[in-house]
Amino acid sequence: MGHNSILRYTLLFGAIAGIVVSVLLVLGASFGGDHTGPWAMAFGYLSMLVALSFVFVGVKRYRDVAKGGAIRFWPAFGLGVLIALVASVFYVVTWEVYSALTAGDWMAEHIAATIEARRAAGASPEEIAALSAEMEGFARLYANWWFRMPVTLSEILPVGILVALISAAILRNPKVLPARP
């Protein structure tokens with residue numbers, strides 16, 4: 001059980017996590033209403049955690065089946081990061097496809113909602129003008145894939161690394177959720 005086994009677990013559990021996060025991303029973006037509010041952000045990160053729970057499942061399965069019920073921290077962490085990376089690629093590709101199919105309306109909605117929230121909080125016209133100029137600059141950058149893709153990746157990959165870290169810390173102990181005979 002060598003690199004082929006690691007590759008198989010990485011691709012299998014990364015794809016499962018990636019499909020789950022992609023479906024939840026599209027559902028949340030399509031039916032979520034206000035895409036810029038705190039509830040939208042909470043739903044987004046909660047859906048990432050649900051999908052990335054397959055990092056834990058994949059590392060545990062690898063530990064129990066391929067490694068005979070024991071795994072050290074660094075190999076478990078490495079596998080977890082690889083699974084999270086595959087899921088993150090699914091997330092980025094899904095966002096790119098979704099954005100292309102919806103003509104990228106998300107950014108315009110985000111800018112309008114951010115400016116309206118600042119206006120409602122009592123910002124001066126000068127502050128609103130400065131925020132508007134800043135947001136328009138960001139929108140110009142975000143229109144380019146070379147900027148947008150790393151930004152999108154930075155939404156999910158840190159969560160995946162954190163899940164991999166926690167999974168490795170828990171699963172390095174063979175007494176935690178031991179393999180069933």
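Q: Where does the model come from, and how are residues numbered?
A: It's a predicted model, where local features need pLDDT of at least 70, side-chain atom pairs count only at pLDDT 80 or more, and totals for chains, interfaces and linings use all residues. Residues are numbered from 1 along each chain as its sequence is written, and side-chain values use heavy atoms, with hydrogens and water left out.

Q: OK, how many helices and strands are there?
A: The protein chain has 6 helices and 0 strands. Those are DSSP runs, numbered from the N terminus: helices are H or I with at least four residues, strands are E with at least two.

Q: And is the chain compact or spread out?
A: More spread out than a compact globule, because its radius of gyration is 20 Å, well over the 16 Å that the globule rule gives for 181 residues. That radius is taken over C-alpha atoms, and the rule is 2.2 Å times the number of residues to the power 0.38. Along its principal axes, the C-alpha trace spans about 65 × 30 × 25 Å.

Q: How much of the chain is buried?
A: 36% of the 181 residues. Buried means under 20% relative accessible area, exposed over 50%, partly exposed in between (1.4 Å probe, protein chains only).

Q: What about the largest nonpolar core, which residues have the most contacts there?
A: Met48, Leu52 and Val55, in a core of 38 residues. Such a core is a set of buried Ala, Val, Leu, Ile, Met, Phe, Trp, Tyr and Cys residues joined through side-chain atoms within 4.5 Å. Helices α1 (3-31), α2 (38-66), α3 (73-101), α4 (105-120), α5 (125-142) and α6 (145-171) each supply at least two of its residues, and α3 gives the most, with 9.

Q: What does Leu52 touch?
A: Not counting residues up to four places away in sequence, Leu52 touches Ala84, Ala87, Ile156, Val159, Gly160 and Val163.

Q: Switching topic: is Thr10 buried or exposed?
A: Thr10, in helix α1, counts as buried at 7% relative accessibility. Leaving aside neighbours within four places in sequence, its contacts are Ala15, Leu79, Leu82, Ile83 and Val86.

Q: And where is Ser99?
A: Ser99 lies in helix α3 and counts as buried, at 14% relative accessibility. Its C-alpha atom is 9.9 Å from that of Ala29, 70 residues apart along the chain.

Key:
Contact = heavy atoms within 4.5 Å.
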